[in-house]
Amino acid sequence: MLNIENLHVATGDKPILKGLDLDVPTGEVHAIMGPNGAGKSTLAYALGGRPGYEVTDGSATFAGKDLLEMDPHERAAAGLFLGFQYPVEIPGVSMLQFLRESLNAQRRTRGEEELSGADFIRLAKEQAGALGLAPDMLKRPVNVGFSGGEKKRAEMVQMGIMAPKFAILDETDSGLDIDALKAVGEGINRIMRAPDKGVLLITHYQRLLDYVQPDKVHVLSAGRIVKSGGPDLALQLEREGYAEVVA
Amino acid sequence: MTAPLPTRADEAFRYADIKALGEVWDDLGPPETVEIAAHKSLQQTWLPSGDPIDVKRARIVIEQGAALELYALNAADRYGRIELDVTLHAGADFAFRAANVGSGDATLEVVTVVRHVAPDATSTQTVRSVLGHKAVGSYLGQVAVAREAQKTNSEQDIKAMLLSREATANAKPELEIYADDVACAHGATVGELDAMQLYYAAARGLPPAQAKALLLEGFIGGLWDALGEDSEIAALARTRLRELTR
């Protein structure tokens, strides 16, 4: 579903990813772990098309299409969801308006009919409820005044509303207490665990993987995947540390 | 008899399009007079006239305990000017929420004098400018607090967003205070659309023009909160913003 070959990405003039290979087949959840500065967030942003993250070599295809040729909003419409490590605040724009316009923009790009206001509200309330986010939060400006945990729950609500084919979740577990971690983990399973979907979980810690069982775990270090394995690899990393495992 | 045409040496006209003003000057009547009687309250909305040159002037007196809520969209294609001279008596309240939305060569300005002449009055002015192409948007606002006007509470909250390198924003909040027990706040910022907000919106599926329009709507949207997003002024502002980002 997501195939990355020999990916090189630079920010400014600084090379961050240096020949990354990764293949996530349809129906699988893969975790990418790695120390600070390994290039985890750079991978997420490069796949999401963030300006300033320049792909200097290599390829990335998503569901058979050249991902790198697409604008960020086209990637979203194609079914890619990027969960942000630091969800962005947008004062003055309500979460409901933001998500309704976003979803309908995606649907227009795909040539589908727009969702009516009533249908959208129903969908949004249902997803907020499932994530334990008070529906009133959706009336507030996007992420403004949300706690760290609420922001991450809200990202999962957004994912539930968009119902993407593939999710790249960049440290969605950082800054969460145990209850929120559990809610977010269950959200990922509920929304994305399906034979026709896929997930790339980017994380520092093993703890999210207690809730979301990965099919494969990859270790990213100095811009490349240096080791891949089953779920046990995450436990080994937790026990022994990156330095030991990568060496 | 018409007063002589102002020049840019005139402080209240330092950013004005004098040539455009000259074209309508002889036809401008005296400023409209608005009086709010004691303990009455009034809400008014000023929409653009639709003419390329659109000058609105008012002398407003808010009597004791009275209140005026004034909403204005300044969006003429060539020259838009909103000029207010407001006098507040004891316990009066003046709330002014205005936006300059312009593109092309438009010059848009809001020029206010707010006079607190008696105690316990409040005035809040919130002005947002969104300027594309070579547009110029200005706010010149004077708050004058007389010696008798103790417990005055006034605020000037001025923000501008520039969508092009050639657009210009001017903000000049000014305080003249003769009373010693007052709270007068003012703030002015000029900025550009936030790259990270734009990217976040794009990552959720919004094409660039729609993302910009939405962020700008958020930037000025708070102005019309009390009127609701379906109000005529909110809808008109939304249309202008979409034109600006197309």
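Me: In chain A, what share of the contacts between residues at least 6 apart joins residues at least 24 apart?
Reply: It is 69% of those contacts in chain A. Keep in mind that this is a predicted model.

Me: And in chain B, what do residues 24 or more positions apart account for?
Reply: In chain B they account for 80% of the contacts with a separation of 6 or more.

Me: Back to chain A. How many helices and strands?
Reply: Chain A has 8 helices and 12 strands.

Me: What about its radius of gyration against a compact globule?
Reply: Chain A has 18 Å. A compact globule with 247 residues would be near 18 Å, so the two agree.

Me: What box do the C-alpha atoms of chain A fill?
Reply: Roughly 55 × 40 × 35 Å, along the principal axes. Buried residues make up 45% of the 247 residues in chain A.

Me: Let's do helices. At what angle do H3 and H5 of chain A pack?
Reply: At about 35°. Helix H3(A) covers residues 95-109, helix H5(A) covers 148-162, and their axes are 10 Å apart. The crossing of H3(A) and H5(A) is right-handed.

Me: Which residues meet there?
Reply: From H3(A), they are A:Met95, A:Leu99, A:Leu103 and A:Gln106. From H5(A), they are A:Ala154, A:Gln158, A:Ile161 and A:Met162. By class, the contact of H3(A) with H5(A) has 6 nonpolar, 2 polar and no charged residues.

Me: Now the interface. How many residues of chain A are in contact with chain B?
Reply: 20 residues of chain A are in contact with 18 residues of chain B.

Me: Which elements of chain A give two or more residues to that side?
Reply: Helix H2 (72-77), strand E7 (90-94) and H3 of chain A. H3(A) gives the most, with 5 residues.

Me: What is the class make-up of that side?
Reply: The side of chain A that touches chain B has 12 nonpolar, 6 polar and 2 charged residues.

Me: Staying with chain A, how does E3 run against E11?
Reply: Strands E3(A) and E11(A) run parallel, joined by 4 bridges. E3(A) covers residues 29-33 and E11(A) covers 216-221. A:Met33 stands opposite A:Val219 in E11(A).

Me: And E11 with E12 in chain A, parallel or antiparallel?
Reply: Antiparallel, with 5 bridges joining E11(A) to E12(A), residues 224-229. A:His218 stands opposite A:Ser228 in E12(A).

Me: How many residues lie between the strands of that hairpin?
Reply: The hairpin of E11(A) and E12(A) has 2 residues between the strands. A:Ala222 takes a positive phi near 50° there.

Me: Over to chain B. What's the strand order in the open sheet?
Reply: The order is E1-E3-E5-E7-E9-E11 in chain B, 6 strands with parallel pairing.

Me: Which strands stand at the edges?
Reply: Strand E1 (32-36) and strand E11 (168-177) of chain B. Each has a single partner strand, so one side of each is left without a neighbour in the sheet. Neighbouring strands of this sheet are turned by 10° against each other on average, direction ignored.

Me: How many bridges between E7 and E9 of chain B?
Reply: 10 bridges, in the parallel sense. E7(B) is residues 107-116 and E9(B) is 136-145. The bridge partner of B:Val110 in E9(B) is B:Tyr139.

Me: What does H1 of chain B lie across?
Reply: Helix H1(B), residues 18-25, lies across strand E3 (53-62) and strand E5 (79-88) of chain B. H1(B) runs at about 75° to E3(B).

Me: B:Gly22 is in that helix. Buried or exposed?
Reply: B:Gly22 is exposed, because the count is 12 other C-beta atoms within 10 Å and the cut-off for exposed is 12 or fewer.

Me: How far is its C-alpha from that of B:Thr126?
Reply: The C-alpha atoms of B:Gly22 and B:Thr126 are separated by 29 Å. The two residues are 104 apart along the chain.

Me: Last one. How many helices and strands in chain B?
Reply: Chain B has 4 helices and 12 strands. Its C-alpha atoms fill a box of roughly 55 × 40 × 30 Å, along the principal axes. Buried residues make up 44% of the 246 residues in chain B.

Key. Residues are numbered from 1 along each chain as its sequence is written. Chains are lettered from A and ligands numbered from 1 in the order in which they are written. This is a predicted model: local features need pLDDT of at least 70, side-chain atom pairs count only at pLDDT 80 or more; totals for chains, interfaces and linings use all residues. The radius of gyration is taken over C-alpha atoms; the globule rule is 2.2 Å times the number of residues to the power 0.38. A residue is buried if 20 or more other C-beta atoms lie within 10 Å of its own, exposed if 12 or fewer, and partly exposed in between; C-beta atoms are placed from the backbone. Two residues are in contact if their C-beta atoms, placed from the backbone, lie within 7 Å. Axes are lines fitted to C-alpha atoms, for helices over the stretch in contact, and angles run from 0 to 180 degrees between N-to-C directions. A crossing is left-handed if the near helix is turned anticlockwise from the far one by less than a right angle, and right-handed if clockwise. Ala, Val, Leu, Ile, Met, Phe, Trp, Tyr, Cys and Pro count as nonpolar, Asp, Glu, Lys and Arg as charged, and the others, Gly among them, as polar. Two strands pair if DSSP finds at least two bridges between them.
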